[in-house]
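Hi,

Here is the structure I promised to pass on. Have a look at it first, and then read on for what turned up when I went through it.

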Amino acid sequence: MKNLPIDDFDIKSFQDDLISWFEREQRKLPWREDRDPYKIWVSEIMLQQTRVDTVIPYFRRFMEKFPTIEALADASEDEVLKAWEGLGYYSRVRNLHAAVKEVEEHYGGTVPDTPEEVSKLKGVGPYTAGAILSIAYGLPEPAVDGNVMRVLARILSIWEDIAKPSARKVFEEVVRKLISRENPSFFNQALMELGALVCTPKSPSCLLCPVREHCRAFREGTIDELPVKSKRKKQKQIRLQAAVLEDEDGRILIHKRPDKGLLANMWEFVQVEESTVLPARQVLKDYLGDVFKIEAALETEHFTEIRHVFTHLIWDIRVYHGKILNQVQETNELKCVPPDEIETFAFPVPHQKIWKAFREQVKSEKVKDIKG
């Protein structure tokens, strides 16, 4: 393979050292208790862009609620989003939900075991497909994520820019040459584990590495230079105003986001983007009136500010407390709910923070200086 000199690389010795280390040192994780392809699938979706320690309690709760493909397929979207609440990147679970329904309908509730079929499932990319096929079904398929690319970039001294989509194909071909045919499950899991525990992005524990003898970057002193990764574009900053509004019965106004785009179908408190011309309270009042036909009185000062960082943008939200002065025309997307029912709805993290701040800072006080 061009620019990837692995002809003189001792593949068998590398496999043996890597897999032996994994057999001794692997972490006890709930999705490793058996080779159930459904559990492996769910865990891999959860682990995308999320730390293992964060995922473990979510995985346990998710499995308690949806122990089988049938249970997840039969659940409503609101139930599924609520179970995922707080993990973020909600398109992951919406795709999983859709794909599980497809498995239930077309494959009799059994996750397909061929690259062609499993790759057709919604939200199942090359990495997830490779993880399911190798870990659950023992097929020698590559499962290449950022951890794996980092490990192999160092071991084989690969200078491809891993931020570029084209790099994944290079590393997939490398794994196809290196992977153990006898134990592809442990081989792929060992590469992932090595990247998570030893060959970390910064200050890797090279002296503890079970495959240090095979590592060209260690020999050549280029550990800190690999992998090559170009910087992503700067995140866009969006300033928003939001309001926690109570009706005359003390119920809280919540709104369901559109079914497409960022945080689709999640519930939120009413929010609108800041104007460069109008005062914040006026923007909120106009938005409530124009879009929802709601007349509201708001406190003169916001009671909290929330910052939430997404992959591609940053939300800065000023949050006001207010009272609804007229009758709300409720719909499936706009509801007034008792405060003790708020937590039955799936809210994105920034709006969970808003609710927490409201309960802590505002609800314990009398309403302050609300003006129409």
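Predicted model: local features only at pLDDT ≥ 70, side-chain atom pairs only at ≥ 80, totals over all residues.

**Salt bridges**

Asp8 pairs with Arg216, and their closest N and O atoms are 3.0 Å apart. The two come from distant parts of the chain: Asp8 sits in the segment before helix H1 (11–25), Arg216 belongs to helix H12 (residues 216–220), and 208 residues separate them.

Another pair is Glu246 with Lys323, whose side chains meet at 3.8 Å, N to O. Here strand E1 supplies Glu246 and strand E7 supplies Lys323, 77 residues apart. Glu246 is buried at 3% relative accessible area, whereas Lys323 is partly exposed at 29%.

Then there is Glu330 with Arg251, a salt bridge of 3.4 Å, N to O. Glu330 is in the loop between E7 and strand E8 (334–337) and Arg251 in the loop between E1 and strand E2 (252–256), so this pair ties together parts that lie 79 residues apart in sequence. Both ends are partly exposed: Glu330 has a relative accessibility of 40%, and Arg251 has 24%.

Finally, Arg27, Arg32 and Glu193 are linked in a network of salt bridges.

**A buried arginine without a partner**

Which side chain of opposite charge is nearest to Arg150? That is Asp145, but at 7.5 Å away, so Arg150 is buried with no salt bridge, given that the cut-off for one is 4 Å. You will find Arg150 in helix H9 (residues 146–156). Its side chain does reach the backbone oxygen of Cys199, at 2.7 Å. Setting aside neighbours within four places in sequence, the contacts of Arg150 are Gly195, Ala196, Cys199, Thr200, Pro201 and Pro227.

Pro227 is in the loop between H12 and E1.

**Helix H2**

Helix H2 (residues 37–47) is largely enclosed by the rest of the structure, because nine of its eleven residues are buried. Among them are Tyr38, Ile40, Trp41 and Met46. The buried residues of H2 pack against several other helices, including H3 (52–65), H6 (91–106) and H11 (184–197).

What caps the N-terminal end of H2? Asp36 does, with a side-chain oxygen 2.9 Å from the backbone nitrogen of Tyr38. After H2 comes Gln49, which has a positive phi, near 60 degrees.

**Strand E1 and its partners**

Strand E1 (residues 236–246) is mostly covered as well, with eight of its eleven residues buried. E1 and strand E7 (residues 313–324) run parallel and are joined by eleven bridges. In that pairing, Arg239 stands opposite Asp316 of E7. E1 also pairs with strand E4 (residues 270–273), this time antiparallel, through four bridges. There, Ala242 has Gln271 in E4 as its bridge partner.

Most residues other than glycine have a negative phi, and most peptide bonds are trans. Tyr89 is not a glycine, yet its phi is positive, about 50 degrees. Tyr89 is in the loop between H5 and H6 and is partly exposed, with a relative accessible area of 36%. Ser203 likewise is not a glycine and has a positive phi of about 50 degrees. Ser203 lies in the loop between H11 and H12 and is exposed, at 65% relative accessible area.

**From the record**

An unreviewed UniProt entry places the feature "domain: HhH-GPD" at residues 46–197. In the model, that stretch is 66% helix and 0% strand, and its end C-alpha atoms are 19 Å apart.

Over to you!

Methods
Residues numbered from 1 in each chain as written. Heavy atoms only, no water. Buried < 20%, exposed > 50% of the residue type's maximum accessible area, 1.4 Å probe, protein only. Contact = heavy atoms within 4.5 Å. Polar contact = N/O pair within 3.5 Å; in protein donor to acceptor, adjacent residues only side chain to side chain. Pairing = 2+ DSSP bridges. Lys, Arg positive; Asp, Glu negative; His and termini not counted. UniProt positions renumbered as here; feature names shortened; annotations may be inferred.
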